[in-house]
Amino acid sequence: MEKRVVFRSRWLPYLLVAPQLAITIVFFFLPAGQAIWQSLLQEDPFGTSTEFIGLENFATLFADEHYLASFRVTAIFSVLVAGFGLAISLVLAVFADRVVRGAGVYKTLLIWPYAVAHAVAAVLWLFLFNPTLGVVAHWIKGLGIGWDPLLDGNDAMVLVVVAAVWNQISYNFLFFLAGLQSIPKSLIEAAAIDGAGPGRRFWTIVFPLLSPTTFFLLVVNIVFAFFNTFAIIDAATGGGPGQATEILVYKVYKDGFKALDLGSSAAQSVVLMAIVIGLTVLQFKWIERKVQY
Amino acid sequence: MNRHSIRVVRLAVAGALFAFAAGAQAQVEIQWWHSMTGALNDRVNDFAKGFNESQKDYKVVPVYKGAYPESMAAAIAAFRAGNAPHILQVFEVGTATMMGAKGAIVPVQQVMTGAGEKFDPKAYIPSVAGYYTTSKGQMLSFPFNSSTAVFYYNKDMFEKAGIDPNRAPATWPEVMAAAARIKTSGTSQCAYTTGWPSWVHVENFSAWHNVPIATRENGMAGLDTVFQINSPLHVRHWNNLKEWAGKGYFTYGGRTNQAEAKFYSGECAMLTSSSAAQANINRNAKFKYGVAFMPYYADVAGAPQNSIIGGASLWVMSGKKPNEYKGVAKFFTYLANPARQAQWHQTTGYLPITPVAYDLTKNAGFYEKNPGTDVSVRQMLNKPPTANSKGLRFGSFVQIRDMFQEEFENMLAGKQDAKTALDNSVKRGNEMLRRFQKTTKE
């Protein structure tokens, strides 16, 4: 006999989803709606004079070469963060999966960085890479490489990418490890008996079977790089030197909260929202096809 | 918890404490939002405590609301929600924004006369008062903590490099001659550095040489102001800085006050930064140091003129009850007391903003005991301020300063020459000014 629970009452199902709906509406739809409305206005910070200007905020933005440069910076930053974040944590997870003794300690240590707040992580790396005080900066200089994140845009980018990746590795690591442990050992053993080496076993069996996890993490990491890294940028470089590390979300924060240009800041966040929605749709449409569940 | 609910809880807690403390007596509470940390925060609390104990009708509650941009953003959000503080401390670059917010603020002069308190704008140092006064002569905010850019140098390092430690380099060529000596003698890897690049090398540099930063009296006479910082003199100075950076005489220290640490840690031999840095330098430096006037170019006619201020002033927000404004006025009168002004100046390193406070400090022998502490005042009073040196007023100046500094960094990184950097600064700055002009009706 089939067991099914059916709601007899008409209002109960609505009541049960109401909390979730309320949260979504209050914390997502309302602010998003307000951002869209604000992006069409031009007003002074105190809101004493408001003028509806249509799409002028957007027109100004896209005519600004520095805003367009920010797209390039964001693209480079996100690709680096997601790429390195995934690659390094996958390697670590594969090793952790093989460790026999002391696996608990090893895993715990790898998960630790996730507990560190983004801004703290940024300051930590800032100290390590500080041209005068930092240990790492000292090593780099010892190798005869110039290091000055205050003036060299590439150095500054390296700094924020390292801080962001370090912060995100633990999260990725956890998911990869779980993914690896759910791959049936029999498949790998069968391949081993057929004479496949560790490299081949990884690329033909483990990696494809891991693809749902990888895909999920790719989406999460891109979103992380786009949205959650502004504390790192703020604490480490403040978007400089020049605009070398000014990613889109940092510019939203800077223009809105520091410079009090609400119209432009709102327009930027609407653009950002469109990009992330677009990226997520793309990822699900194109990449998900290649994912084997 | 979001910001709003935190505020609600805070208010509830504050309210509960207040109700408890006040008992049956109906005291009028005055909220004062500020951005002072550390020892400065203690001084602010002392002011409030002293005032609260001096009378029974009003109670000033100082609240630290984060750094300047944060407290300003918080106050704006609070204003929009209808519960702004009575008094808000706003940094000097936010002045134009506050002035543009006609309905959000009450001019301090109006608050004082409305409450029948004595208030004389002429009691303040002209270049301080002028900063907060409209083109029509109305003083809008209450000057509180002002500083200016000065020159610091490490006397021990000068001695080691064979330079007379009792004579500070007065001009930029002298600074660079000293830098060369310090470098070549192997005294230090870092000869000269600077805090606040835009404030020192654009704003104060222009005033000190009596050249305009922008038209319309540096924006003080109208919103239709246009930047003029790509003049030959500006280009010459930035180009020098670029060359000196290339030779290793000048080390870039970041956009805010990070360079100060490079100086007091003994890494860099010379520094230009805020006069308010002196308290920190005093506490941390393990060497003898000197404070002197900002360097200048001797061949520029009229230089040195006088320097301009940084720091913050107190603004009174609109929409409060008359009785509350009376309390604000009484508190301002309390703050304006010369003895308190003098003490504030002596304990914090901020400028004495009234000549009376300066005289009090001088007569008490404070400057003899603490050499260098009067440099900032003497620099401000060096000459009567001109249209180029009485201050500046630009909308969106937080953003514009960042733009100047971005161009400066790109120049030092070798991506562009001084002329291009300044041309770009002017172009980008003007775009922001026009945008601000559109949102603000005069």
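A salt bridge is a side-chain nitrogen of Lys or Arg within 4 Å of a carboxyl oxygen of Asp or Glu. Keep that in mind. Here is a case from chain B. The side chains of E92(B) and R401(B) meet in a salt bridge, at 2.9 Å from N to O. One caution before we go on: this is a predicted model.

Let's start with the domains of chain B. The domain assignment gives two. Domain 1 covers 3–147 + 310–363, and domain 2 covers 149–307 + 384–441. So look at how each one is written in two pieces. The C-alpha centres of the two domains lie 30 Å apart. Where they touch, domain 1 of chain B puts in 22 residues and domain 2 of chain B puts in 21.

How much area is buried between domain 1 and domain 2 of chain B? About 1500 Å², and carbon and sulfur atoms give 58% of that. Between these domains the count is one salt bridge. Polar contacts come to five residue pairs, with both residues at pLDDT 80 or more. Which elements supply at least two residues on the domain 1 side? They are α4 and α6 (126–129) of chain B. The most comes from α4(B), with five residues. By class, that side of domain 1 of chain B has eight nonpolar, twelve polar and two charged residues.

Next, the interface with chain A. Here 35 residues of chain B are in contact with 34 residues of chain A. The size of an interface is often given as the accessible area lost when the parts come together. For chain B and chain A, the buried area is about 2800 Å². Carbon and sulfur atoms give 55% of it.

How many salt bridges does the rule find across this interface? Six. Take K438(B) and E56(A): their side chains meet in a salt bridge at 2.7 Å, N to O. On the chain B side, the elements giving two or more residues are α3 (68–80), α4 (95–100), α19 (397–412) and α20 (418–439). The largest share is from α19(B), with eight residues. The classes on that side of chain B are 14 nonpolar, seven polar and 14 charged residues.

First on the list, S389(B). You'll find S389(B) in the loop between α18 (375–380) and α19 of chain B. Is S389(B) buried or exposed? Its relative accessible area is 0%, under the 20% cut-off, so S389(B) is buried. The side chain of S389(B) makes a polar contact of 2.5 Å with the side chain of N306(B). The S389(B) side chain also reaches the backbone nitrogen of T386(B), at 2.9 Å. Now compare positions along the chain. S389(B) and I213(B) are 176 residues apart in sequence, yet their C-alpha atoms are separated by 9.1 Å.

Leaving aside neighbours within four places in sequence, S389(B) is in contact with several residues, including Q305(B). That takes us to our second residue. Q305(B) lies in the loop between β8 (289–292) and β9 (309–317) of chain B. Q305(B) is buried because its relative accessible area is 5%, under 20%. Its side chain makes a polar contact with the side chain of N306(B), at 3.1 Å. Beyond four places in sequence, the residues Q305(B) touches include A207(B), W208(B), P384(B) and S389(B). A207(B) is also among the contacts of S389(B).

Terms used: Residues numbered from 1 in each chain as written. Chains lettered and ligands numbered in written order. Predicted model: local features only at pLDDT ≥ 70, side-chain atom pairs only at ≥ 80, totals over all residues. Heavy atoms only, no water. Contact = heavy atoms within 4.5 Å. Buried area = accessible area lost by both parts, 1.4 Å probe. Helix = DSSP H or I, 4+ residues; strand = E, 2+ residues; numbered from the N terminus. Nonpolar A, V, L, I, M, F, W, Y, C, P; charged D, E, K, R; others polar. Buried < 20%, exposed > 50% of the residue type's maximum accessible area, 1.4 Å probe, protein only. Polar contact = N/O pair within 3.5 Å; in protein donor to acceptor, adjacent residues only side chain to side chain.
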